[in-house]
Amino acid sequence: MATVTNTPADTHTADHGHDDHHHGAPKGILRWVLTTNHKDIGTLYLWFAFIMFLVGGAMAMVIRAELFQPGLQIVDPNFFNQMTTVHGLIMVFGAVMPAFTGLANWLVPMMIGAPDMALPRMNNWSFWILPFAFLILLSSLFLEGGGPNFGWTFYAPLSTTYSGDSTALFVFSVHIMGISSIMGAINVIVTILNMRAPGMTLMKMPMFVWTWLITAFLLIAVMPVLAAAVTMVLTDKFFGTSFFDAAGGGDPVMFQHIFWFFGHPEVYIMILPAFGIISQIVPTFSRKKLFGYASMVYATASIALLSFIVWAHHMFTTGMPVGAEMFFMFATMLISVPTGVKVFNWVATMWRGSLTFEIPMMFAIAFIVLFTIGGLSGLMLAITPVDFQYHDTYFVVAHFHYVLVTGAVFSIMAAVYYWLPKWTGKMFDVTLAKWHFWCSLISVNVLFFPMHFVGLAGMPRRIPDYALQFADFNKWISIGGFAFGLSQLIFLVLIVKACRKQGEPVTDQVWEGAEGLEWEIPSPAPYHTFDTPPVVK
Amino acid sequence: MEHTEKYEKYYVPAQSVWPIVGALALFLIAVGAGNYVVEVTRGESGFGGYVLATGLFILFVMVFGWFKDQIHESMSGMYSAQLGRSYRQGMAWFIFSEVMFFAGFFGALFYARVIAIPWLGGASNNAMTNEVLWPSFEAMWPLVSTPGGIQTTAMGWYGLPLANTIILLVSSVTLHFAHVGVEQNKRGQIKAWLGITILLGLVFLVLQGYEYYHAYTDLGLTLQSGIYGNTFFLLTGFHGMHVTLGTIILIVLFLRVFKGHFTPDNHFAFQAGSWYWHFVDVVWLMLFFFVYIL
């Protein structure tokens, strides 16, 4: 993080004198449809992600309502399956990934001193594919026979032999989501590699930019593999191939190998930008440089590389040879080393810092604690013999919701609170934000923590009914779920107020300890920034 | 302030209608294809095919309009060396994504050959898999007799596939000569070598079509012939689609050469098309080795 943040006085932010050369944002709805502006597109991505977060959350509410007590009461099992499936797909591809892409759009050009993304028109195209893709996915729920009901992992033969006709729409909607992600990732990677201001060397880049560079690489590497996987599902289901059918010489387990070769890097796609965000926020509110910047960069790269050789830890119970299980177990455990480096560095950054606890910092600290819990349960799941017990139980659900909700989603909320004043020029409603934080923090733990217990006791996931002994915990889980869902409405109100520019004006720096190029331009950030690149010393 | 002197203004395009047109096109293609696939399999008639065709047509209009804008901008000198690097890097990463797409299918091929089929035959500790499921099944590659009992014939590598390999290899060389022609601004050389490359691409596609015909009629090798036919047709099929796209790209380049486009300093489109063609060629070499020979 070396010099950009150390020597703001030496850094030229050449945009101030140039603002008057620009026209501001065009008016009307067409501004958003035709835009090539990275800030507009970032806003579009973030709103889209938030709406999808609420839609996917509503589906989670259906799941929790059904599981409030044992027995079948509210929805039929097939619809329950559609809810678990589409909830997962929406949260992964519709909420978390677009939210991070939106943050990258807003922040990466400002952080590296670029006038915009490298390929602005393609940027717009990547965004506008998404609403259409999810329109297809969501509308398939209303078709005869229902939408996808085979889990977001669409394992064969559930997705091939036993699925409905809407599988074809599912496949093509995943295809165009993939096109969107790949184009978005190409844009980010080219922007970072080619658009940095003079003097912004790679090892001076803010951590958020570094983590996104590596995330973009992962996206380009694995989204095409997902495309190949859905294509084989399509041909197996509709054109008589037998990739995943042993009678034709294929293997249903092969589906899992191909899927998780995509799927495991995918989960790091959803957490590496979160690491970047936390690495921006913690130093600001500790008023210290990030501890171990270089080790953070290398840790991020190590996690990314390791993510390609651990996929089969999702498949310990499929009957792989013991040697393979051992390999994937130890490779998985190895990931805890670079991840541990990161957690250590965040804590070391806070150590003896002048800490203050503004809203973004509260979310960041919650992230560090709760993500670590999710990481530790992941380490438990990595142990092959133990995983035989945990596999497909609520313990797994608890694990990945700790890393994805209190990890990825909390980091996105932290990021929004951190940069929102820069985007709008006004401080958000801090009282509402505190309510949002505490309600979310308490409810999310009521929601996900007991899942560890029911999981260890053997409650299977993705089943609409359960044995009586799980009833008490499930009641509390559901109450936590509804409370967490309702808490997000506070966030919605806060964001709407912020977008209407209510609140006290903020300074350019916004937060006392904030350092980096984006804090040296005016608040709100002008429509065009860095037409002339700043010089970073 | 020497840095400011070195600086060229980066071209950030104004609003453009093409991205949303492209998004609409992909929407129609996805909806159309999703319905068309079901209609075809069930032998019903429906709107899917029309929606798909409309989407493809709009996509074509989008690509045409978008590229037209871009060529206009490029020819009026609005671009900088930095933007040229953005385009080249973007193309390189796009090709990397294509490599990974093929890797998915090659992965399926390797998994089937090295793991799935031997295990079905009882290898490793899977004796009971063979015993219980298909006791008469014997592992082999090419898998001309599936556990389920489908019989087929393997495609040899000698003859037509070898000829196609030579054609594609030669086409990479001829395209390189055309590229050298661009760099040295020898218009005749560009036209001649690019024209030959396009012809070679078309011959490859015709021969590949004939090979499919031969497979279906003479060999009984179809898309439904078990994992051997599956991997054969998906790998060669997607490769063939890429050759088709590559040929279209080369034809567009050819037409642009006649309009006087491409200078030694400014020929991103030519370079991108050329990279794409070489990539398609390398994929074929992998295919020829792993699908046909081994």
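Modeller: In chain B, buried residues make up 38% of the 294 residues. A residue is buried if 20 or more other C-beta atoms, placed from the backbone, lie within 10 Å of its own, exposed if 12 or fewer do, and partly exposed in between. The model is predicted: local features need pLDDT of at least 70 and side-chain atom pairs count only at pLDDT 80 or more, while totals for chains, interfaces and linings use all residues. Residues are numbered from 1 along each chain as its sequence is written, with chains lettered from A and ligands numbered from 1 in the order in which they are written.

Chain B has nine helices and zero strands, so its elements read α-α-α-α-α-α-α-α-α from the N terminus on (DSSP runs numbered from that end, helices being H or I of at least four residues and strands E of at least two). Along its principal axes, the C-alpha trace of chain B spans about 80 × 45 × 45 Å. Two residues are in contact if their C-beta atoms, placed from the backbone, lie within 7 Å. Among the contacts in chain B with a separation of 6 or more, 69% join residues 24 or more positions apart.

One residue shows what this looks like locally. B:F105 sits in helix α4 (residues 81–120) of chain B. B:F105 counts as buried because it has 25 C-beta neighbours inside 10 Å. Leaving out residues up to four places away in sequence, B:F105 touches B:T231, B:L234, B:L235 and B:F238, as well as A:A228 from chain A. B:L234 is 129 residues from B:F105 along the chain, yet their C-alpha atoms are separated by 7.6 Å.

The contact between the chains takes 59 residues from chain B and 62 residues from chain A. On the side of chain B, the elements that give two or more residues are α2 (18–42), α4 and α8 (226–258). Of these, α4(B) gives the most, with 22 residues. By class, this side of chain B has 38 nonpolar, 19 polar and two charged residues. Here Ala, Val, Leu, Ile, Met, Phe, Trp, Tyr, Cys and Pro count as nonpolar, Asp, Glu, Lys and Arg as charged, and the others, Gly among them, as polar.

The predictor's confidence in each residue is its pLDDT, from 0 to 100. Chain B has a mean pLDDT of 94, and 98% of its residues reach 70 or more. Over residues 1–5 of chain B, however, the pLDDT is below 50, and this stretch has two contacts in the model beyond near neighbours in sequence. Chain A also averages a pLDDT of 94, with 96% of the residues at 70 or above. Residues 1–21 of chain A stay under 50, although the model has 44 contacts for them beyond four places in sequence. Where pLDDT is low, the predicted coordinates should not be read in detail. The model as a whole scores ipTM 0.95 and pTM 0.95.
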